[in-house]
Amino acid sequence: MNRERLLERFLQYVAIDSTADETQTKYPSSDGQLEVGRLLAEQLKALGADEVSQDQYGLVTALIPGEPNSPTVALNSHVDTSPETSGANIRPQVIADYPGGDIQLPNGSLTITTRENPELDHLVGATLITSDGTTLLGGDDKAGIAVIMELAHHLREHPDIQHAPVRILFTCDEEIGHGVDH
């Protein structure tokens, strides 16, 4: 898979505010979820995926054809983000080749410490992505979306890779308990 393209996809997806709104009765509960879905459907069509659609509920489905008579693999992610913190105006911080130690968030008032997050010690040299500390990042589940889209792209770029058919599904309103309503 192409790591640079994966990062670009993730940053593109988190830039769209798709915060679920539990006060709404409509599905999906926010227009941003429809916007993310439209973008994903367009990108899947551009990749040459089959059976690409976005239905009246915002659900996006597609097929990456594979070996005939193989069991189908399903990949699912959700386009909404948690309503617990703002998902608008997300300003990601990309830390390439993380040197270790505490991470000061750009807003200046928050620090991700190794004392509270000892798993950081195992990520030295990795690329880390955080928000600036004023919003959520939207990694749940836009990271899942980016990985699925990059895998679809990779499989379409490399038709020599044998694989089962891959069904893709992106749902809405998972964060507020309505992800599988439709």
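**Salt bridges and helix packing in a predicted model**

Reader: Is Arg-5 buried or exposed, and what is its relative accessible area?

Author: Arg-5 is buried; the term covers residues under 20% relative accessible area, with exposed meaning over 50% and partly exposed in between (1.4 Å probe, protein chains only). This is a predicted model in which local features need pLDDT of at least 70 and side-chain atom pairs count only at pLDDT 80 or more, while totals for chains, interfaces and linings use all residues. Residues are numbered from 1 along each chain as its sequence is written, and side-chain values use heavy atoms, with hydrogens and water left out. The relative accessible area of Arg-5 is 16%.

Reader: How many salt bridges does a search of the whole structure find?

Author: A salt bridge here is a side-chain nitrogen of Lys or Arg within 4 Å of a carboxyl oxygen of Asp or Glu. By that criterion, the number found in the whole structure is seven.

Reader: With which side chain does Arg-5 meet in a salt bridge at 2.7 Å, N to O?

Author: The partner is Glu-150, at 2.7 Å from N to O. Arg-5 lies in helix α1 and Glu-150 in helix α3 (residues 139-157), so the pair ties together parts that are 145 residues apart in sequence; helices (H or I, at least four residues) and strands (E, at least two) are DSSP runs numbered from the N terminus. The partner counts as buried at 0% relative accessibility, and its name is Glu-150.

Reader: How far apart in sequence are the parts tied together by Arg-5 and Glu-157?

Author: These two form a salt bridge whose closest N and O atoms are 2.9 Å apart. Arg-5 is in α1 and Glu-157 in α3, so the separation in sequence is 152 residues.

Reader: Which element does Arg-91 lie in, and which one holds Asp-132?

Author: Arg-91 and Asp-132 form a salt bridge with the closest N and O atoms 2.9 Å apart. Arg-91 lies in the loop between β3 (73-78) and β4 (93-95), and Asp-132 in the loop between β7 (128-130) and α3.

Reader: Which residues do salt bridges that share partners join into one network?

Author: Arg-91, at 45% relative accessibility, is partly exposed, and Asp-132, at 6%, is buried. The network formed through shared partners consists of Arg-5, Arg-9, Glu-150 and Glu-157.

Reader: At roughly what angle do the axes of α1 and α2 cross?

Author: Axes are lines fitted to C-alpha atoms, for helices over the stretch in contact, with angles from 0 to 180 degrees between N-to-C directions. The two helices are therefore roughly antiparallel; angles over 145 degrees count so, under 35 as roughly parallel, 65 to 115 as roughly perpendicular and the rest as oblique. The axes of α1 (residues 3-14) and α2 (residues 31-47) come within 12 Å and cross at roughly 150°.

Reader: What covers the buried residues of α2?

Author: The buried residues of α2 include Val-36, Leu-39, Leu-40, Leu-44 and Leu-47. What covers the buried residues includes α1, β1 (50-54), β2 (60-64), α3 and β8 (166-171).

Notes:
Contact means heavy atoms within 4.5 Å.
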